Amino acid sequence: MLNPKKLLHSKWTAVHPINKEKHFIVTKVMLPEAPMVNIEYVELEAVHSKRLQILCWEALKDVSVWKQGW
C-alpha cells in the first residue's frame, strides 16, 4: 500500500513513456495550507530530461500507468 508520507524521493516508472521519459522521482510533496488536510499533489521530475510535472499523488496507485521503482 502506498503511504503518502513516504513519497518524497520515491522512484517511479511510467508504463507508457511519453517523449522518452520513463523514469521519475518525487522531488516535492505539496502540503496543504490547512494542517489537518491530506496531501493532494506531488511534483515528479523526469530523470532523463529533468522536466517537472505536478500530479495527484493518488494517480500513482494506478498500476496501468505507474510502477513503483525503476
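Reader: What share of the contacts in the chain with a separation of 6 or more comes from residues 24 or more positions apart?

Author: A contact means heavy atoms within 4.5 Å. In this predicted model, residues 24 or more positions apart account for 37% of the contacts with a separation of 6 or more. Local features here need pLDDT of at least 70, side-chain atom pairs count only at pLDDT 80 or more, and totals for chains, interfaces and linings use all residues of the predicted model. Residues are numbered from 1 along each chain as its sequence is written, and side-chain values use heavy atoms, with hydrogens and water left out.

Reader: How many helices and strands does the secondary structure of the chain come to?

Author: Helices (H or I, at least four residues) and strands (E, at least two) are DSSP runs, numbered from the N terminus. The chain has zero helices and five strands, and its pattern along the sequence is β-β-β-β-β.

Reader: Which residues touch the most other members of the largest nonpolar core?

Author: In soluble globular proteins, nonpolar side chains tend to be buried together. A nonpolar core is a set of buried Ala, Val, Leu, Ile, Met, Phe, Trp, Tyr and Cys residues joined through side-chain atoms within 4.5 Å. Buried means under 20% relative accessible area, exposed over 50%, and partly exposed in between (1.4 Å probe, protein chains only). The largest core here has 15 residues, of which L7, W12, V42, L44, L60 and W66 touch the most other members. Strand 1 (11–18), strand 2 (21–30) and strand 3 (41–46) are the elements that give two or more residues to this core. Leaving aside residues up to four places away in sequence, L60 touches L2, L7, W12, V42, L44, L55 and W66.

Reader: Is S10 buried or exposed?

Author: S10 counts as buried, at 9% relative accessibility. S10 lies in the segment before strand 1, and its side chain reaches the backbone oxygen of L7 at 2.6 Å. Not counting residues up to four places away in sequence, S10 touches F24, I25 and V26.

Reader: How many salt bridges are there?

Author: A salt bridge is a side-chain nitrogen of Lys or Arg within 4 Å of a carboxyl oxygen of Asp or Glu. The count comes to two. In one of them, E21 pairs with R51, with the closest N and O atoms 2.7 Å apart. E21 lies in strand 2 and R51 in the loop between strand 3 and strand 4 (52–56), so the pair ties together parts that are 30 residues apart in sequence. E21 is buried at 6%, whereas R51 is partly exposed at 38%. K50 and E45 also meet in a salt bridge (3.8 Å, N to O).

Terms used: A polar contact is a pair of N or O atoms within 3.5 Å; within protein, one must be able to donate a hydrogen and the other to accept it, and residues adjacent in sequence count only if both atoms are side-chain atoms.
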